Amino acid sequence: MPKLLWNDCNGGIITTELLLISSVVVAGLLAALSTFRSSVESEFQQLGDRIKQTTKMETPVAPKSEVIQAEVQSFQAADLQGLVD
């Protein structure tokens with residue numbers, strides 16, 4: 001059937017009309033694919049953000065070897081004259 005329409009010279013569909021129709025169809029498909037690509041990209045971006053939020057860890061705690069030990073000062077009871085009676 002398409003071959004008969006292509007070879008039809010009696011006033012049916014001519015090549016110019018086929019080219020015009022096909023160019024409109026191709027332009028529509030390109031616009032649709034571009035919109036589809038944008039929406040898929042947006043969905044993947046949202047998915048990545050959700051994964052990042054759920055796997056976000058609290059601030060890391062330094063290992064015990066890196067914690068600076070506070071120097072403990074010793075005192076005698078004589079230092080607390082007002083408290084010791």
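The questions and answers below concern a predicted model.

Colleague: How many helices and how many strands does the chain have?
Modeller: This is a predicted model. The chain has zero strands, and its helices number two.

Colleague: What percentage of the 85 residues in the chain is buried?
Modeller: A residue counts as buried under 20% relative accessible area. Among the 85 residues of the chain, the buried share is 0%.

Colleague: What share of the accessible surface of the chain belongs to carbon and sulfur atoms?
Modeller: The accessible surface of the chain totals about 8600 Å². The part belonging to carbon and sulfur atoms is 63%.

Colleague: Is F44 buried or exposed?
Modeller: F44 sits in helix α2, which covers residues 15–54. F44 is also part of a nonpolar surface patch with F36, V40, L47 and I51, and together they have about 500 Å² of accessible area. The cut-off for exposed is over 50%. The relative accessible area of F44 is 58%, so F44 is exposed.

Colleague: Which residue does E41 meet in a salt bridge?
Modeller: Side chains of opposite charge can pair when their charged atoms come close. By the 4 Å rule, the count is one salt bridge. At 3.8 Å from N to O, the partner of E41 is R37.

Colleague: Does E41 count as buried or exposed?
Modeller: Exposed requires over 50% relative accessible area. E41 has a relative accessibility of 51%, and therefore counts as exposed.

Conventions. Residues are numbered from 1 along each chain as its sequence is written. This is a predicted model: local features need pLDDT of at least 70, side-chain atom pairs count only at pLDDT 80 or more; totals for chains, interfaces and linings use all residues. Side-chain values use heavy atoms; hydrogens and water are left out. Helices (H or I, at least four residues) and strands (E, at least two) are DSSP runs, numbered from the N terminus. Buried means under 20% relative accessible area, exposed over 50%, partly exposed in between (1.4 Å probe, protein chains only). Accessible areas come from the Shrake-Rupley method with a 1.4 Å probe; for residues, only the protein chains shown count as cover. Patches are made of residues with over 30% relative accessible area and no salt bridge: like charges are joined within 9 Å, nonpolar side chains (Val, Leu, Ile, Met, Phe, Trp, Tyr) within 5 Å. A salt bridge is a side-chain nitrogen of Lys or Arg within 4 Å of a carboxyl oxygen of Asp or Glu.
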